[in-house]
Amino acid sequence: MNDRDGLSLERIVSPTSSAEIAEIVRAAVAVNDAIYPQGGGTHAAWACRPTRQGIVLATQGLNRVLEHAADDMTVTVEAGVTLGELQSRLKEKNQWLPLDAAFASHATVGGALAVGASGPRRLGYGTLRDYVLGLTAVDGLGKLYSTGGRVVKNAAGYNVHRLSVGAWGTLGVIAEATFLVRTLPESRIAVAFDLPNAAASERALEEISLSRLRTVAVELLFGDEYATVAELPPLTGGAYARLIVGFEGDASETPRLVEALRNLLHAAQVEQIAEFVDDGAERVWRSLTESTRHAEVRVLPSQTIDAVETLRTLDSESRIDASAGDGVLNVRFSAEKAASDADPAAFAQFIVEQARPAIEALGGNLIVRAAPNGAIVNASARFGVVGATLPIMRGLKDRFDPNHILNPGRYFFTDE
C-alpha cells in the first residue's frame, strides 16, 4: 500500500496484542494520522485508494488461536491468524469454518471479515456474517470494545460484529473474532455439465431449483478462463456455458444426490462431462474463488441469465462465473473494456455509463472489485449509489470513528 497517489504509507507497525493496537491508534489520533489496517493483503485491490497520510497497521503478529471449544462448536482467534492455519487447527477436531477463502495461506481472519469474503459454497452454507459470534476491536479513538458472543448487548442495539463484516475496518481495527464452526462433511462432490444454449441453461436451473436437491453450489461459467477451472478442457464446440453443481454431506448421501441430478439433467438433454470428489471438489471451489474478477454483480437468482446476457451484449468477450443459486456474478471484462493505458478513466466510464445502468435496469447492482492496472475508479464509480442506508452507516461511522482516521478513502465515505 506504499506511495499510492503520492501518499507516503511507508510507516508500518506490527502490533502483537489488542492493547498495542489501542496504543497505536491513540498515538495516531494525537497527531491526526490515518490508520490503514492490513491483513494478508490478498484483497487490497478491492478497495479505493487511500486519501490521507497515515500508518499501515499490519495484523500478522496477532496470530494465536485463543480457544477452540470443540464441544460447543466455537473457536476464538486473533485477527492475524491465516484462514489456512485456522482450518488446519479445526480439522484436528473434524471441524471447519464453512468459507471459500482465496489464497488461504496468506489471507487473515481479520481481512476476510473486513472485506466480507465468500465464495461459491455460500449457497449451501451462508456467508461469514452467519458464523461470526463476536468481535473484539479498537475504535477510532483507541478504545477497545467487544460486541456479540460472550459479552453484553452492545451500544445502540446494533449487531456491530455483523455490521463489521464487509465494512473494511472503518468501524474498528479487528483484533479478535469468535466463530461458530461446523463438522466437516464426509463427502464432497462437484459435477460438471456443458449447456448448449441459454434456453437449456434456464431449464437446467429451473429443474435444479424445483427439485429441492440440497446443493452447496450451483455455478454457471462463461468463457474459457472460468470454464477450464480445475483443469477441465475448454467449452465443447458451440457450448453456451458450463454448469458445476456441488453436493456435500454423508458419504452415503452425496452419490445419490449426484445420480438424481444426473437423471434430472439427462431428461433436459444435458450430459455430465466430469466429476470431482473430495480434494478434487475443493480444487474446483478454490479455483473459482481465486479467479481474477473486475466486478461483482448481484441480481435476483431468477435474473441470472438475463444479467449474463446483458453483460455479454455490452462485452461479448467478458468471462463470467455466475452463482445461479443466489444471483452473484463475478465478471472479468475483456482486454478492450479493461484497457487503461491510453485512457485511465475509460474503465470507470464504461462501468458508470454502460454496465451499472444495464444491471440496475434488472433491479440489481454492480460493484467494482479489482480495477485494471492504471484505471481510475473513485468511490462513487466503484460502489455506485449506496442509497437510503447511507445516513445510518454514516451515523455508525461517526460513533465508532469520529475523526474518520480508520481506512479513510478506502470505502465509500466519499467526504474523506
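**Strands, a helix and their contacts**

Modeller: Let's begin with an open sheet of three strands, whose order is β1-β3-β2 and whose pairing is parallel. Helices (DSSP runs of H or I, at least four residues) and strands (runs of E, at least two) are numbered from the N terminus, and two strands pair if DSSP finds at least two bridges between them. The model is predicted, so local features need pLDDT of at least 70 and side-chain atom pairs count only at pLDDT 80 or more, while totals for chains, interfaces and linings use all residues. Residues are numbered from 1 along each chain as its sequence is written, and side-chain values use heavy atoms, with hydrogens and water left out.

β2 and β3 (residues 54-58) run parallel and are joined by five bridges. Within β3, leucine 57 is the residue opposite proline 37. Helix α1 (residues 18-31) packs on this sheet and touches β1, β2 and β3; contact here means heavy atoms within 4.5 Å. The direction of α1 makes about 150 degrees with that of β2. For such angles, axes are lines fitted to C-alpha atoms, for helices over the stretch in contact, and the angles run from 0 to 180 degrees between N-to-C directions.

Next comes an open sheet of five strands, in the order β4-β5-β9-β7-β8, with antiparallel pairing. β4 (65-69) and β8 are at the edges with a single partner strand each, so one side of each has no neighbour in the sheet. Neighbouring strands of this sheet are turned by 10 degrees against each other on average, with direction ignored.

Look at β7 (residues 132-138) in that sheet: six of its seven residues are buried, so the rest of the structure largely encloses β7. Buried means under 20% relative accessible area, exposed means over 50%, and partly exposed is in between (1.4 Å probe, protein chains only). On one pairing, six bridges join β7 to β9 (residues 173-180) in an antiparallel run, and glycine 134 stands opposite threonine 178 of β9. β7 also pairs with β8 (residues 144-148), in the antiparallel sense over five bridges, where alanine 137 faces tyrosine 145. The hairpin of β7 and β8 has five residues between the strands, and glycine 142 there takes a positive phi near 85 degrees.

You can find another hairpin in β16 and β17, with four residues between them and glycine 327 in the turn at a positive phi of about 70 degrees. β16 (residues 319-323) is mostly covered, with four of its five residues buried. Five bridges join β16 to β17 (residues 328-332), running antiparallel, and β16 also pairs with β12 (residues 217-222) in the antiparallel sense over four bridges.

Now for a helix. α8 (residues 254-267) has 14 residues, which at 1.5 Å a residue should span 20 Å, and its end C-alpha atoms are 20 Å apart, in agreement. The expected span is 1.5 Å times one less than the number of residues. Thr254, Leu257, Val258, Leu261 and Leu265 are the buried residues of α8. They cover an arc of only 100 degrees around the axis, which puts them on the same side of α8; that arc is taken from the directions from the helix axis to the C-beta atoms. The face turned away from this buried side carries the exposed residues Arg256 and Ala267.

What covers the buried residues of α8? The cover includes β11 (187-195), α6 (198-211), β13 (241-249) and β14 (272-277). Phenylalanine 247 belongs to β13 and counts as buried, at 0% relative accessibility. Leaving out residues up to four places away in sequence, phenylalanine 247 touches residues including Thr254, Leu257, Val258 and Leu261, as well as Ser187.

Serine 187 sits in β11 and is buried, with a relative accessible area of 8%. Its side chain makes a polar contact of 2.6 Å with the side chain of threonine 254. A polar contact is a pair of N or O atoms within 3.5 Å; within protein, one must be able to donate a hydrogen and the other to accept it, and residues adjacent in sequence count only if both atoms are side-chain atoms.
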